[in-house]
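Hello,

Here is the structure we talked about handing over. Please open it first, then read the notes below.

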Amino acid sequence: MPSMGVSGSAICLRCRLRLLRRYVQFQPLEPSNRIFRTQYTNLRLFTTETPAQSPDHGSALQQENKTLDSQRHDRNGEPRDSDRPLVKRINAHKRRLSRNRILTEDTKSLGSDMLGKPASVIVMRDGGMYKKKDRLMASSTADSAKPDSLPVNIEALLESQRETPSAEEVRENIDSLKPKTETALSNKQFRELQSLLQNGFLSAQLNDYLHHHMKDDAPLPTKESQREDAPQDINVDKASKNAWIKHISRWVPLSGKSSVIEGSDPNLYGYVAESAPAKEKLVVRVMRECWGLSIAELDAGLGEINVKIRAHEFLLLLRATRRGETALGKMWLDPGEKIEAFRNQNTLRLTTTKTKASTLIQGLRKTLQEVATVPISMDLIPAKDLDEPVLEEVGRITNTHVRKNDRVNRLFVTWLKLNERSSKTLMPLEDRHDLVFRLLVTALSRQPKTTTTLSIAGVDEDSSSRGRFIVDSRTKDILGWKDRMGRWGRYTLPLPSGDGNYSVESRLERLELPVEPPKRPQSLDGTEGYRADTESPTPAKWAEALRASTKAHFGRLLHEANPSLTPLSPPELLTRNYPRVFAPTTPHPLHLAQLEAENGNPSHSTINRKTMIVVRFWPAPIDQREEKGQRGKKRQREKKGQCRQILPSAPPLELHLIVCGGKVQGVDSLRAIKQTYIRDVMQPASPVDLRFSQTQFAALEGEPAGLAAWPPLANFLRAAHFDLNKDRIEMPSHQTFPVPQHLFEEPLPACGSDELVDTKYMLAGLEVRRSVSSPYGEYELTYTSVDGRQGGGRWTEVSLGLRSDSDDASAVTADKDKLQDSFLATCKQFAQDDALWSGYVSTT
């Protein structure tokens, strides 16, 4: 017989029924769960829930089970007749919890007998999902169990307690969703927050929050967005700290496109589609404008940001960028990134990543901190033609901003001091304001010691009146910067009809100075002799005798063609000093090659090539007030053989430097110009005109090494920097040279005629001349390419001159008048050769 302590799962069904039969004989039939409790170990009663569940759930189920038992028994506890079984029945109407399902126990008859008795089975019926009850409702079960308690109407309760929230409460609720620290969210986080705002608030509430933020003009609320090093959008408050920045737009992602679509909202572009609902756009505006949120994936890509700058600083940035002195683009921009400038809007557009955009703006801020402004007295510059177009053009050439202040009689030159070479010597290099001053003085002032005349040749008086001015539009690039601003025309006769001809045989008038061969240059063998560091060179000194050089140039004489004025006739041009310029021109290169081939004599086959740098100096102008103060105090410094006095009547200087291999190898000559004569000859019936240039000068004599070691030149060259391979030439703006007193225009009573006067000179011009020379009859034909550097233009020219004389002075022609007539005739013949100047026509 099995023991009563043995578990039910270890007893077979037959023995279990025997035990049940014996148990019924001694006790009344009561439902017992002891035998079956161990058979369903995976089922849990509500009373055996874990502590995480409320204990009220188990008590509720026990109460329901007692109710079911009371319905099946009478008052004495005896089973009802209808329910009184013939055999033992199990009360299987108890409910049990299995995971999140409620199972109800029930019995089902099998319709057969087992061991002589009706057989039945226990069935677990599904009672649905388990739902937790509200604790507040569970705590009030005592009151709800009363028979007089009514069911609660939840909708009525909520309706009675409903109150409209205030606008401040709504704004606080919206603001509570704002991220506290992060402003660059992932795409998933951004969209989840966007959905939460869109589903949790009304459009009117979101619109009120947005307008309240814009009304207060509050900055971005996060502290990280206000730091300069944070890669966030730059707000207006931050831009106001920089006076040069007027507005910085929000960084807009391109989203794979080349540029932002015009007219699109920068706050929504890339974050929401154009066809999106109005509420979705409103939510994104709140997140972008009020909270400064962005998507990190979009920030890592390319985007655009517009920086609006004041006109003054914007112009300086443009000109600094044009001259290549800003390295922002080279240092920071990657392929696909760029910086664009819009002059009409004073705006810079940066196409780069969001983080790099902040770096570029910081670089622009540091760049504009290097602004320098220097005043220039207008008393030193002729103010007749000093108008706004002239100042704008000189500012464009020099990459500066020049403005005039008539109240203080000053010009203010402003520029960016970027990567400028600082001189290690006591002599400063030419600065931007020095360059502006030089260009204005040389363009608006008359060239010192220069006399010009005009004549007409090749036509008679009747024929010359038939011509007209033809506006020239091809030679502006070869003119000076001031002349390029004007309108010029050449006086030309019409083509003759039939076999007619306007040409008249006439001789050119003789020049002011006699024509003499130039001095033979010293040999270039051994370039070490041209260096300034040669030991014990022979001292250089000024020559006592004056020499003259004569050159004939071929080109077009252009007169000012003002459309508002009636053109002058040739006689009026001769009597009036009408503005004119000379535009050099050259024959076709094949014609020049034929000229060389026609000289079959081997002695005429010599071709000389050389490169020279010609530096011109003018006496530095002195402010009249300063000059009077110096004279009043009699501040003169006298030395042995020298007398210091600065006067504008000093002769201009011309320095010729020898260039070899792109670097300066030495000094060819230094000339003090006593007088310059320019004779312009109009030839209306010929393709070109003539210009004769004669210079009377005193040269500094000495060996090449002695010239380079002369202290004023040595100091000047030591401070200068020449590198033609990189197209870079820098020189001091001023230099003092001792000049003989007899070369001055006005005599100086305090000095003797042979004494030297220390005169301060300013740099007036610079030309790089590359020339090729070959014999042309008894003369020398030179083809030269000229680079006038800043404001000087670039051109090529052909000139005729005398050959260098030989070492034997007797070889020089005794009859200088005959030599001059021959030279003038050769120049006229060269200029009137129509086939030479009308282009090249192949004869094959």
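**Salt bridges and a helical turn**

Arg285 and Glu289 sit four residues apart in helix 10 (residues 278-290), so about one helical turn separates them. Helices here are DSSP runs of H or I with at least four residues, strands are runs of E with at least two, and both are numbered from the N terminus. An α-helix has 3.6 residues a turn, so residues three or four places apart point the same way. Arg285 and Glu289 form a salt bridge, with the closest N and O atoms 3.0 Å apart. The term means a side-chain nitrogen of Lys or Arg within 4 Å of a carboxyl oxygen of Asp or Glu. Arg285 is partly exposed at 25% relative accessibility. Glu289 is buried at 15%. Buried is under 20% relative accessible area, exposed is over 50%, and partly exposed is in between (1.4 Å probe, protein chains only).

Before you go on: this is a predicted model, where local features need pLDDT of at least 70, side-chain atom pairs count only at pLDDT 80 or more, and totals for chains, interfaces and linings use all residues. Residues are numbered from 1 along each chain as its sequence is written, and side-chain values use heavy atoms, leaving out hydrogens and water.

The structure holds 31 salt bridges. One of them links Glu509 and Arg679 (3.9 Å, N to O). Glu509 lies in the loop between strand 16 (488-492) and strand 17 (541-542), and Arg679 in strand 24 (residues 663-682), so the pair ties together parts 170 residues apart in sequence. Glu509 is exposed at 54%, whereas Arg679 is buried at 8%.

Asp787 bridges to Arg794, with closest N and O atoms 3.1 Å apart. Asp787 is buried at 11%; Arg794 is exposed at 54%. Salt bridges with shared partners also join Arg616, Glu654, Glu767, Arg769 and Glu797 into one network.

Three strands form an open antiparallel sheet in the order 11-13-12. Strands count as paired if DSSP finds at least two bridges between them. Strand 11 (371-377) and strand 12 (401-405) are the edges, each pairing on one side only. Seven bridges join strand 11 to strand 13 (residues 410-416). Val374 has Val413 as its bridge partner in strand 13. Helix 16 (residues 432-444) packs on the sheet and touches strand 11, strand 12 and strand 13. Contact means heavy atoms within 4.5 Å.

Best wishes

Definitions and conventions. Axes fitted to C-alpha atoms, helices over the stretch in contact; angles between N-to-C directions.
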